[in-house]
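User: I'm new to this structure. Could you pick one part, look at it closely, and then show me around from there?

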Amino acid sequence: MALEISKDTRLCMSLSGRPGNFGTRFHNYLYQALELDYLYKAFTTTDLPAAIGGIRALGTRGCAVSMPFKEACIEYLDGLHASAATLQSVNTIVADDGHLTGYNTDYSAVVHLLEQHGVPNDIRYALRGSGGMAKAVACALRDSGFRQGCIVARNERAGRALAEQCGVTWRPSLDELRPELLVNVTPLGMNGPQADELAFDEQAVAAAQWVFDVVAVPVQTPLIRLARQLGKPVITGGEVIVLQAVEQFVLYTGIRPEAELIARAAHFALAE
């Protein structure tokens, strides 16, 4: 039975250019299972300053932040946790009596997954993307000991800046380069107008040893499907989104659910 919504119910939300249902399903599943008086709702906006002002003014407890707002939201916050300050990228806002602090839970999720999957850090990688999520992933690779790599980005200014930050090179396209690890941190393959696009061509995927696609909706992107067909080990965006969402849940509620409950919530949220 659903919990009753009242004047005391605490609101959590998300802001995204392409709102999805994962956060809504995942967080609300846990709220109900743990009998917490919280409600989670996904939003988009064309007026980011007003949306952030609404979080502050209405007593919203927390807000997940997705593309394209991860960097743009920073100027409207009151402070940054170290996890976001280092990256200058925010994926979580926590409100305490109107004081808004930005966090980044993507970074820790990626570090954990690289270790969990046993991806060797002495291989070469190519990371496609240069936005806020790309910063989190590239810095996670750097801090996990990956020293050989390149940032593939059409935006030369952002691509070069990220490459310099992580001690690797920038290039506008992959061309004939054949790295052992391919990482997609762009909307290519995401539900929407680019859903059928491959982030890397088939030749590059065939030559790779590992494929990592941060796109979570759908989990089975064209890149992940192709990599699996070719027998490549993969890390999916579904894994990333669950881990980072758990840390958001802890920040909002102060409660860390048991692993079995997290698994049930993830299955429910990703099954739509």
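Analyst: **A helix and its two partners**

Helices α9 and α10 are oblique to each other. Oblique is what's left over once angles under 35 degrees count as roughly parallel, over 145 as roughly antiparallel and 65 to 115 as roughly perpendicular. Helices here are DSSP runs of H or I with at least four residues, strands are runs of E with at least two, and both are numbered from the N terminus.

A quick word on the ground rules. This is a predicted model, in which local features need pLDDT of at least 70 and side-chain atom pairs count only at pLDDT 80 or more, while totals for chains, interfaces and linings use all residues. Residues are numbered from 1 along each chain as its sequence is written, and side-chain values use heavy atoms, with hydrogens and water left out.

Back to the pair. α9 and α10 (residues 259–270) meet at an angle of about 125°, and their axes are 11 Å apart. An axis is a line fitted to C-alpha atoms, for helices over the stretch in contact, and angles run from 0 to 180 degrees between N-to-C directions. On the α9 side, Gly238, Ile241, Val242 and Val246 make the contact, and on the α10 side Ile262, Ala266 and Leu270 do. Contact means heavy atoms within 4.5 Å. Sorted by class, that gives six nonpolar residues, one polar and no charged ones. In this sorting, Ala, Val, Leu, Ile, Met, Phe, Trp, Tyr, Cys and Pro are nonpolar, Asp, Glu, Lys and Arg are charged, and the others, Gly among them, are polar.

Now look at another neighbour of α9. Helix α4 (residues 106–116) packs on α9 (residues 237–253) at about 130°, the axes lying 8 Å apart. That angle makes α4 oblique to α9, and α4 passes α9 in a right-handed crossing. From α4 come Asp106, Ser108, Ala109, His112, Leu113 and Gln116, and from α9 come Glu239, Val240, Leu243, Gln244 and Glu247.

Next, step back along the chain to α8 (residues 222–229). Pro222, Leu223, Ile224, Leu226 and Ala227 are buried there (buried is under 20% relative accessible area, exposed is over 50%, and partly exposed is in between, with a 1.4 Å probe and protein chains only). These buried residues pack against β10 (181–184), α7 (202–207), β11 (210–213) and β12 (234–235). After α8 comes Gly231, with a positive phi near 75°. The loop between β11 and α8 holds Pro218, and the peptide bond from Val217 to Pro218 is cis, with omega near 5°. Another cis bond joins Met67 and Pro68, with omega at about 5°; Pro68 sits in the loop between β3 and β4 (79–80).

What about charged pairs? Side chains of opposite charge can pair when their charged atoms come close. With a salt bridge taken as a side-chain nitrogen of Lys or Arg within 4 Å of a carboxyl oxygen of Asp or Glu, the count is eleven. One of them links Arg61 and Asp96, whose closest N and O atoms are 2.7 Å apart. Arg61 is in the loop between α2 (48–57) and β3 (62–65) and Asp96 is in strand β5 (residues 92–96), so the pair ties together parts 35 residues apart in sequence. Arg61 is buried at 11% relative accessibility, while Asp96 is partly exposed at 41%. Lys7 and Asp8 also pair up, at 3.3 Å from N to O; Lys7 is exposed at 78%, and Asp8 is exposed at 51%.

Glu35, in the loop between α1 (22–33) and β2 (38–43), has a positive phi near 55° without being a glycine. Glu35 is exposed, at 65%. Gln88 also has a positive phi of about 55° although it isn't a glycine; it lies in the loop between α3 (82–85) and β5 and is partly exposed at 37%.

Notes
A crossing is left-handed if the near helix is turned anticlockwise from the far one by less than a right angle, and right-handed if clockwise.
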